[in-house]
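Please look through the structure below slowly, from one end of the chain to the other, before reading on.

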Amino acid sequence: MNWYPILLLVFAGVFLLRNQVEQRLKSLGRRESSRQFEELPIAPTSSLDQAMVLSIIASSLSAGVAPQIAIRAGLTYLPTKHARPYFALLDGVKLVAKEDFLLKNLRFLLESVENGNQVAGTMQNKIEVFQAKHKLKILTSIKKAEIWMLAPLGICFLPTFILLTVVPLLASMLGNFFN
């Protein structure tokens with residue numbers, strides 16, 4: 001079997017993806033001054049993105065990656081404007097903001113790293129609970145939408161039903177009553 005075309009494809013793939021990998025590795029080890037982060041508000045991040053970041057962190061921790069590297073790898077999933085305040089938290093800046101799911105769990109994770117606790121299992125459980133709550137919220141919204149979708153049907157057919165069935169029935173009953 002001739003291996004030259006396979007090797008050529010592998011080297012072409014590595015060459016084409018090289019820039020993306022280099023940028024991801026650079027962003028993993030980036031250090032920015034903490035002075036910038038004090039004025040930055042936390043941009044609203046969707047709950048699914050927060051759960052995804054924590055899932056990446058938990059998976060990395062359970063695979064044996066160092067906590068700081070795992071946190072930085074998870075935060076690279078977010079866009080830069082959303083991730084900056086969380087990177088600032090890693091650098092030791094005190095953030096004064098409304099705590100969201102990700103910020104609360106990052107603080108928990110950093111405190112447990114300082115104490116030396118193993119938290120991969122706890123993080124995985126928190127993510128599962130969060131996903132179950134999110135699924136319940138979505139299913140509740142779907143059930144509400146089903147009810148509201150039936151409203152036009154009721155508005156259209158209920159008057160017709162009353163006019164074609166109830167009114168003639170009442171008229172015949174009243175006709176028999178007065179005779």
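The paragraphs below go from the model's confidence to the fold, and then to a pocket.

This is a predicted model, in which local features need pLDDT of at least 70 and side-chain atom pairs count only at pLDDT 80 or more, whereas totals for chains, interfaces and linings use all residues. Residues are numbered from 1 along each chain as its sequence is written, and side-chain values use heavy atoms, with hydrogens and water left out.

The protein chain has an average pLDDT (the predictor's confidence in each residue, from 0 to 100) of 79, and 79% of the residues score at least 70. Over residues 31-39 the pLDDT stays under 50.

The secondary structure of the protein chain consists of 6 helices and 0 strands, where helices are DSSP runs of H or I with at least four residues, strands are runs of E with at least two, and both are numbered from the N terminus. Among these elements, helix α6 (residues 120-178) has the highest mean pLDDT, 88, while helix α1 (residues 4-28) has the lowest, 65.

Of the 179 residues in the protein chain, 25% are buried, meaning under 20% relative accessible area, with a 1.4 Å probe and protein chains only.

Which residues line the largest pocket? They are Q68, L89, G92, V93, K94, L95, R107, L110, E111, V113 and E114, and helix α5 (residues 101-115) gives the most to this lining, with 5 residues. A pocket here is an open set of points on a 1 Å grid over the protein atoms alone, where a 1.4 Å probe fits, with protein on both sides within 12 Å along at least five of seven lines, and lining residues have an atom within 4 Å of a point.

Key. Contact = heavy atoms within 4.5 Å. Buried < 20%, exposed > 50% of the residue type's maximum accessible area, 1.4 Å probe, protein only.
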